[in-house]
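Hello,

Here is the structure I said I would pass on.

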Amino acid sequence: MQLKKIIVILLVLPLFAFTMHKYYVSLCEIEYLKEKQSVQIILGVFIDDLEFTLNKNIGKQLNLASKTEVENVDDYYKKYLSEHLLVSVNSKNQSFKYIGKEYDGDIVRFYVEISGIKEFKSIEITNNILINEFPDQKNIVKIKVKDFNKTFYLNKSNNKSLLKF
Amino acid sequence: MIKKQLNCANYKNQTYKMKKLLVAVLLTVFSTSFFAQEAEQKTTTTKKAHYNESKFKQLHEELPTPNNEHRASGAPGHEYTQQQVDYKMNIVLDEENNKIFGEETITYHNNSKDHLEYLWVQLDQNMRAPDSNTPEISGGGPDVMYSPSKFTKTFMGKPFQGGFNIEFIKDVNGKDVNYLINKTMMRINLPKPLASGEKYVFKIKWWYNINDYFVDRGRSGYEPFPDGNNLYVIAQFFPRMAVYNNVEGWQNLQFTGRSEFALEFGNYEVTITTPKDHILNATGVLQNPKDVFTSAQNKRYEDSKTAFENPVFIVTPEEALAAEKGRSKETKTWKFYAENVRDFAFASSRKLIWDAMAVNLNGKTVMAYSLYPNEGNPLWEEHSTRAVANTLKVYSDFTFDYPYPQATSVNADRQGMEYPMICWNFGRPDKDGKYSERTKKGMIGVITHEVGHNFFPMIVNSDERMWTWMDEGINSFVEIYAEYIYDPVLFPLTDYPKNIVGYMSGDQSGLEPIMSQGEDLTNFGSNAYGKPAAGLFILRETVMGHKLFDHAFKTYAQRWKFKHPTPADFFRTMEDASAVDLDWFWRGWFYTTGANDIGIKEVKKYYVTDKPTKRAENMAKSYGIALDKLPPSLYLVSEDSPEFKNDLKSKKPEDYNLLSDYINENFSSEEKTALKSPKYFYELVFEKPGDLVMPIIVEFEYEDGTKERKQYPAEIWRLNDAEVTKVFPSSKSIKKITVDPDEQTADIDLGNNSWPKQTENKFEKFKKDQIKS
């Protein structure tokens, strides 16, 4: 019964995008700072879409960004990010440190960091944020190294961006 | 002449360098050819011509030539004409089979000056027909999962049997009319051309299978409930006349499901037959409440017309709960009349509650209605009708008093779609009746947006098929204020225009100008909704100010209500009514993909002296004047120049006799007290890496903690698009300078917005705060 419900919800969601009041997008800003040997990542996501996704995955109401928000919400965030935002630097998968999050209106911003990167030769991002639940989800990835800027537009059929220096 | 001299100098310089390099012959040969090439390139660069590339160039080439229908002022001209189409329809909703049947009589009035050889009718439902182009033209990889029905539909040749089944088309004499269907457009081949001023009457009989919009998407269809009931939201459901105007001729671009509608105004007489236990509302006014309501409901319907304070029930939650348990086999017929509307839609279900509130708009009463199932409560009875009433008031203030008798919000899950006087809106609480602030915000937001569409495009009737931004963008702009007035905490104005920065700062390859047809947009929401709304917000709050903007905006709305405006009519009216040249803004924000990025590059502090500076000496020399013959003057010396002496720091301009004498001789004591006494003089160099031009807003923070603002108009960039310098006098020493401190101009890079330069990025700042707390 539970599974059936989930399937119904999954099939229903694509329609929503057609009605167009809102749109599905996340913004992932990545900056490499050589002097700090650090890859800094800021990921902005619409809270309602993330809440829908997490509630479904976890099977309970998290009440994100409200007075009744679950206490260990950061654990759920950490887990979701580590599973859905995969970063490989210099062809090696990297785990990142969860610095924290901030709520800003409809958006939650996550700050995560990969440290100890002395040389920055390549970066590969696999961004699966919300794409299973929202087929129209677009995930924008911006990479900045000094004055170099590159933007990738990812979606469900193209969820990887690779950049080599 | 000057150019030539410069080239000569270069040449000399190069020969000198070459001599230095005469160590190896080979190298010299190489260098010579290199220099030769460089010199050549320089010559060609100076000769290369270009068109007027000024960001302030007027839009004469972009805007269509004005004529007697669309004037240069942006108003409709004295030869402006518009067709009228009246409909008489009898509709039957067959709930058992999810089919809808209709017989409609169309009266087409040719008000244009042209003879029409044929008429075009829109068959929007054919977008769901098995031969529809819509699935063919949409790309994309495999879906995450496929239900059996979706699998058979997609891969096994068993599509949904949607689309119109036309049973007949006849003229007034009952004679068959010749027609041709091209996907979602149908050409009526007239027996003889329809002359200007004539009308043509014909009748169409049709039916189609209603789609479950949970499965087949769409802005119309039904929502199935676990209790076996459906909630029907029925729209673009009858063959509708296409628009004929002097801008597009026949607007017969195909309907693919995305770009919305272009429709003519007219009067509608409609009957709808439904199961007897259904509750229904539609575009227009119900003509037979006594026939379709119980007597108690009918009394409440009449009483609600004076309920100005709070919403009251016409159909109660208890009545809806009782009705949804049954399934009547009997029918009843609802009769509606709608005057001067461009379309007709209705919602029907036995699950519906109906509440109502009267709204006073300058002495005229308009009804705000909401229809929703019990699943929508308590959220809907608390907010829907109040949000409708608020929207009508705020939009009326911005444009004109809402001219229709009612506005209805219907709760349909996962919808947000507008029609004249009626719209479908999402937003439901959890099963236990609890809802988050976000659910509430989404629901109030969508209701405000969709009810707001009554003004744009239902009344100010732009062509949605061609220009999505004209209704979505302009509507999203007024929506910002309507939401803010409804709940300033939930909808703060400070979200704008920075909400669009994420989109505008993206790679240019992923951006399209707003002036694109809706079908061609990769990022529909940001481009057609967010960006134009943010742009108008900048115009109102930062560029024009409320007084000038509001009058011009109102003028546009009033000039074009119940008419078909084009983008040029909007652009021109906004300037015509305000005397503010906005061509630079339209050009940059609407016609290009450029973004705004203004920064402060350099700040120099100057002091006053009466001793001629090196610059003054040079000037005197170039004019052949002796230094002591220069007229008595004051000079500014930069703190970092070798001429600067520390004792200048203690001097005020009035300490120099030449200035104090001048002041004493020329000004009255009153004038003297009004004079400012600047002590420091700052040279500010602003840089503009961004493509757009924008006003420069600067905040000066003084050593004593006080602040001051200065705004330079966008025209400051007229002569130099990359960098401008200003001198700012001040009586106090400046500690910090911030460009656009409140983020009013959608600046995409705040990294260069402050002096002294901020080295810490957003991430570092957050990390530091995080450690602190």
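This is a predicted model: local features need pLDDT of at least 70, side-chain atom pairs count only at pLDDT 80 or more; totals for chains, interfaces and linings use all residues.

Chain A

Chain A contains three helices and 10 strands. In sequence order the elements run α-β-β-α-α-β-β-β-β-β-β-β-β. The chain has 165 residues, of which 32% count as buried. Taking contacts in chain A between residues at least 6 apart in sequence, 61% join residues that are at least 24 apart.

One backbone detail in this chain may be worth a look. S91(A) is not a glycine, yet its phi is positive, at about 65°. The residue sits in the loop between β3 (85-89) and β4 (92-94) of chain A. S91(A) counts as exposed because it has 11 C-beta neighbours inside 10 Å, and the cut-off for exposed is 12 or fewer.

Where chain A meets chain B

The contact between the chains involves 32 residues of chain A and 37 residues of chain B. On the chain A side, α1 (2-19), β1 (25-33), β2 (38-46), α2, β5 (97-104) and β9 (148-154) each supply at least two residues. The element that gives the most is α1(A), with eight residues. Sorted by class, this side of chain A has 17 nonpolar, 10 polar and five charged residues.

The C-alpha atoms of N63(A) and E51(A) are 7.5 Å apart, and the two residues are 12 residues apart along the chain. Is N63(A) buried, exposed or partly exposed? It is partly exposed, because 17 other C-beta atoms lie within 10 Å, and a residue needs 20 or more to be buried.

Chain B: a hairpin

Strand β22 (residues 416-419) of chain B pairs with strand β23 (residues 422-425) in the antiparallel sense, over four bridges. Within this pairing, E418(B) stands opposite C423(B) of β23(B). The hairpin has two residues between the strands, and M421(B) takes a positive phi near 65°.

In a regular strand, side chains alternate between the two faces of the sheet. For β22(B), G416(B) and E418(B) are on one side and M417(B) and Y419(B) on the other. All of these residues are buried, and both faces of the strand are covered.

Chain B: two helix pairs

Helix α12 (residues 468-486) and helix α14 (residues 524-543) of chain B pack with their axes 7 Å apart, at an angle of about 55°. The two helices are therefore oblique to each other, and their crossing is right-handed. Residues of α12(B) in this contact include W469(B), I474(B), F477(B) and I480(B), and those of α14(B) include Y529(B), P532(B), L536(B) and F537(B). By class the contact has 10 nonpolar, three polar and one charged residues.

The axes of helix α15 (residues 546-560) and helix α16 (residues 567-576) of chain B come within 8 Å and cross at roughly 135°. That angle makes α15(B) oblique to α16(B). The crossing here is right-handed. From α15(B), the residues A552(B), T555(B), Y556(B), R559(B) and W560(B) meet D569(B), F570(B), T573(B) and M574(B) of α16(B). These divide into five nonpolar, two polar and two charged residues.

Chain B: backbone details

Which bonds are cis? One cis peptide bond joins N377(B) and P378(B), with omega about 5°. P378(B) lies in the loop between β20 (364-372) and α9 (379-398) of chain B. The peptide bond from Y496(B) to P497(B) is also cis, with omega near -5°. P497(B) is in the loop between α12 and α13 (501-504) of chain B.

Q236(B) has a positive phi near 30° and is a residue other than glycine. Its place is the loop between β9 (230-234) and β10 (240-241) of chain B. Q236(B) is buried, because 24 other C-beta atoms lie within 10 Å.

Regards

Definitions and conventions. Residues are numbered from 1 along each chain as its sequence is written. Chains are lettered from A and ligands numbered from 1 in the order in which they are written. Two strands pair if DSSP finds at least two bridges between them. Two residues are in contact if their C-beta atoms, placed from the backbone, lie within 7 Å. Ala, Val, Leu, Ile, Met, Phe, Trp, Tyr, Cys and Pro count as nonpolar, Asp, Glu, Lys and Arg as charged, and the others, Gly among them, as polar. Axes are lines fitted to C-alpha atoms, for helices over the stretch in contact, and angles run from 0 to 180 degrees between N-to-C directions. Angles under 35 degrees count as roughly parallel, over 145 as roughly antiparallel, 65 to 115 as roughly perpendicular and the rest as oblique. A crossing is left-handed if the near helix is turned anticlockwise from the far one by less than a right angle, and right-handed if clockwise.
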